[in-house]
Amino acid sequence: MTEKAIKILVTGGAGFIGAHLVEALVANNFQVTVVDNLSSGKLSNLEKVLSRISFIEGDIREQKLLEEAARDCRFIFHLAAVVSVTKTVENPLGSSLVNELGTLGLLEAARYNKVHRVILSSSSAVYGDDPRIPKKESMPPCPKSPYAVQKLVNEHYAELYGELFGVETVCLRYFNVYGPRQDPSSPYSGVISIFMKQAALNQQPVIYGDGKQTRDFVYVEDVVRANMLAAQVPNAAGKVFNIGTGQMINISKLWNMVAKLAGTTAEPEYAPERSGDIRQSVADIEKSNRILGFRPRVELKTGLASTYQWYRERL
Ligand code: UD2
């Protein structure tokens, strides 16, 4: 992707993942428009590229705004969403207006503007608590939260827009994404961002449950590359892909790695397991490897080190 002046719309471009993607697109000389209502994203995430993009502070529930923002765009990367599972449980209707109807509006804007391809951010949440691992795209979805239902509905709409209207779509099911700029401020923030903050401040972390639950942590730069591949690879259209590393680590071991990096001896406090917590999660990345050519490049140790450096400079 090195052509000049191709127009690209990124919704949620001021968010943690979105801003990394925008930086990569700008570095490749694309003409980028960002739509973000700054409800969870921050303008400071875009500070390095703000003078080189068009930034629209706006909401994906505004159809006219989407239709204008998508004008002449060849690609749309759709990352805007209510990203907190808890918030969608507290407010299923309100979150659905953003996560479901907002996405439908975006697909309409893509259809209306004859956008070549839309890349949608989905989630491993669609697998729910099916205990089988690794998670394969062919497994029946088992959504256990409004968030997961909303993401799954989007996947269905995406496929349908390809079939009915010829709008190419690709859905990426992210596993646990981490890296610089992830906001550690809520208890439901990504565990790595929380551990980083606690380690840097020499605070005691809380581990929910026995710490033996596992996750597949994927570095944000690898997620950005997955998005770029999803835009480029011809036969990715109409498909859903897991984006993880295929490796899992348990939460106690994760804390040990972070503590070692930070040189802290703080011992975790163990608290009761969170309700609805999934025991084991790891992606099967055979399909994304085979079709997208996706191979995660950043090992956990390396990704944690660069993430920790970022937090240490800021805390
Ligand atoms: C991830 C996604 C969520 C959804 C879900 C689908 C993130 C941030 N969240 O939730 O959006 O897609 O997967 O299954 O990627 N933990 C601790 N101590 C802490 C914080 C967390 O022990 O201070 C544990 C937590 O109980 C869980 C694990 O760490 O077992 C990971 O927690 P998380 O909130 O980072 O992500 P997860 O997998 O629950």
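Author: A definition to start: Ala, Val, Leu, Ile, Met, Phe, Trp, Tyr, Cys and Pro count as nonpolar, Asp, Glu, Lys and Arg as charged, and the others, Gly among them, as polar. The model here is predicted.

Reader: Which residues line the largest cavity?

Author: His78, Ala80, Ala81, Asn99, Thr103, Leu120, Ser121, Lys151 and Asn154. Two or more lining residues come from each of α4 (92-112), β5 (117-123) and α5 (146-165).

Reader: And by class, what does that lining have?

Author: Three nonpolar, five polar and one charged residues line the largest cavity.

Reader: Switching to pockets. What volume has the second largest pocket?

Author: About 430 Å³. The lining of the second largest pocket has 20 residues, and Asn45, Pro180, Arg181, Trp310 and Arg314 lie nearest its centre.

Reader: Which element gives the largest share of that lining?

Author: α10, with three residues. At least two residues each are supplied by α1 (16-27), α7 (220-232) and α10 (300-314).

Reader: Now the surface. Which residues make the nonpolar patch of about 350 Å²?

Author: Tyr157, Leu160, Leu164 and Phe165 make that patch. Leu160 lies in helix α5.

Reader: Why does Leu160 count as partly exposed?

Author: Because its relative accessibility is 35%, and partly exposed is the class between buried, under 20%, and exposed, over 50%.

Note on methods: Residues numbered from 1 in each chain as written. Predicted model: local features only at pLDDT ≥ 70, side-chain atom pairs only at ≥ 80, totals over all residues. Heavy atoms only, no water. 1 Å grid on protein atoms, 1.4 Å probe; cavity = no way out; pocket = protein on both sides within 12 Å on 5 of 7 lines; lining within 4 Å. Helix = DSSP H or I, 4+ residues; strand = E, 2+ residues; numbered from the N terminus. Patch = residues over 30% accessible without salt bridge, like charges linked within 9 Å, V, L, I, M, F, W, Y side chains within 5 Å. Areas by Shrake-Rupley, 256 points an atom, 1.4 Å probe, with all protein chains shown as cover. Salt bridge = Lys/Arg side-chain N within 4 Å of Asp/Glu carboxyl O. Buried < 20%, exposed > 50% of the residue type's maximum accessible area, 1.4 Å probe, protein only. Points joined across faces, edges and corners; volume = space filled by probe spheres on them.
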